[in-house]
Amino acid sequence: MARRKKSTPLFTPSKIIVIAIIIAGCLFISRSKASTDDNHPGQPAETESNANFGYLLDVKIPAETPSFWKQYRGMDISFNPEAHIPNYVAWELTAEEADGKEPRANSFRADSDVEGCAETWDYSYSGYDRGHMAPAGDMKWDKKAMEETFYLTNIAPQDKALNTGAWRTREEKCRVWARSLGHIYIVCGPVIDGNPEEYIGDTRVYVPRKFFKVVIAPDAPQPMGIGFIMPNSKVEGGMQKAAVTIDSVESLTGFDFFHSLPDELERDIESQCNFNRWATLTKSK
């Protein structure tokens, strides 16, 4: 009677080692794709892009700047966990979104997923408003987008004279511009320069002395760009006095905005400060 051949095990020790190495490599690649930039921990590998210019909401910030990047429904935020306010907030605003009908949420709250986020009581009796960076009025196109603007990751301490004055006026004008141009890209935030007005609350929230906002319309018949630098107080002389080039905002903050644009177009847009051209835009596209 012939002897039966001894069966070979399906998984030998050497095969198990090889499989383990392959799995470990796959996990490493997966984790690498989940963060496409050191400034953007947690950034998804795929984000919506302008077909012509790439992902225009991406902002390069100095490597030493504390930052936790998070993408919400309607905005991208780089949050500074040491200052407890955002480094910047970026979003696209379309004509349709500017005419959204979702009611205002009015529910400020901390984002428990973000380390260093302030608490609502940090602002209580501080003398400062909870100033939206991305305004609730730009997110009326979606309930979740609206609600997320009230996360304190999107908030910084603002003097009431700024929050209800020039800052609000500029928010309203951006909606006019979006309706007129079809869509615009906006990045704004506090200037965190190590020289705060003061700190507030038990969390010691940084109170900035200045705020910035940059706006571009790269798809306009004549591509447009403009920046604003505003004191955390009443803006004397109106918005025209606060208007600057985007290059000036980059020099102040150390940030690099709209770097996915072709170099020549980026230089053109970021060197402009034609306030009157923006001011003459009408509500209808």
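**Close-up views of a predicted model**

**Figure 1. Strand 7 and its partner strands.** Strand 4 (residues 85-94) is paired with strand 7 in the antiparallel sense through six bridges; two strands count as paired if DSSP finds at least two bridges between them. Strands (E, at least two residues) and helices (H or I, at least four) are DSSP runs, numbered from the N terminus. The structure is a predicted model, in which local features need pLDDT of at least 70 and side-chain atom pairs count only at pLDDT 80 or more, while totals for chains, interfaces and linings use all residues. Residues are numbered from 1 along each chain as its sequence is written, and side-chain values use heavy atoms, with hydrogens and water left out. Threonine 94 stands opposite histidine 183 of strand 7. Strand 7 also pairs with strand 10 (residues 210-217), in the antiparallel sense and over six bridges, and here tyrosine 185 faces isoleucine 216 of strand 10. Eight of the eight residues of strand 7 (residues 183-190) are buried, so the strand is largely enclosed by the rest of the structure. Buried denotes under 20% relative accessible area, exposed over 50%, and partly exposed the range in between (1.4 Å probe, protein chains only).

**Figure 2. Surroundings of valine 187.** Valine 187 belongs to strand 7 and counts as buried at 1% relative accessibility. Leaving aside residues up to four places away in sequence, valine 187 touches Val59, Tyr88, Val89, Ala90, Phe212, Lys213, Val214, Phe257 and Phe258; a contact requires heavy atoms within 4.5 Å.

**Figure 3. The nonpolar cores.** The largest nonpolar core has 56 residues, of which Trp91, Trp177, Ile184, Phe228 and Trp278 touch the most other members. Helix 4 (residues 160-181) contributes the largest share of this core, eight residues. Such a core is a set of buried Ala, Val, Leu, Ile, Met, Phe, Trp, Tyr and Cys residues joined through side-chain atoms within 4.5 Å. A second, separate core of 24 residues includes Tyr55, Ile61, Phe257 and Leu261. Contacts of phenylalanine 228, not counting residues up to four places away in sequence, include Arg170, Trp177, Phe211, Met239 and Phe275.

**Figure 4. Aromatic pairs around phenylalanine 257.** The structure holds eleven aromatic pairs. The rings of phenylalanine 212 and phenylalanine 257 have centres 5.7 Å apart and planes at 45°, so this pair is tilted. Phenylalanine 212 in strand 10 and phenylalanine 257 in strand 13 (residues 256-257) are 45 residues apart, and their pair links distant parts of the chain. Phenylalanine 255 and phenylalanine 257 form an edge-to-face pair, at 6.1 Å centre to centre and 75° between the planes. Rings of Phe, Tyr and Trp (its six-membered ring) pair if their centres lie within 6.5 Å; planes under 30 degrees apart count as stacked, over 60 as edge-to-face and the rest as tilted. Phenylalanine 257 is buried at 0% relative accessibility, and phenylalanine 255 is buried at 9% relative accessible area. One aromatic cluster comprises Tyr88, Phe212, Phe255, Phe257 and Phe258.

**Figure 5. Arginine side chains over aromatic rings.** The charged end of arginine 130 sits over the ring of phenylalanine 108, 5.4 Å from its centre. Arginine 204 lies over the face of tyrosine 199, at 4.3 Å from the ring centre. The criterion is that NZ of Lys or CZ of Arg is within 6 Å of the ring centre and within 35 degrees of the ring normal.
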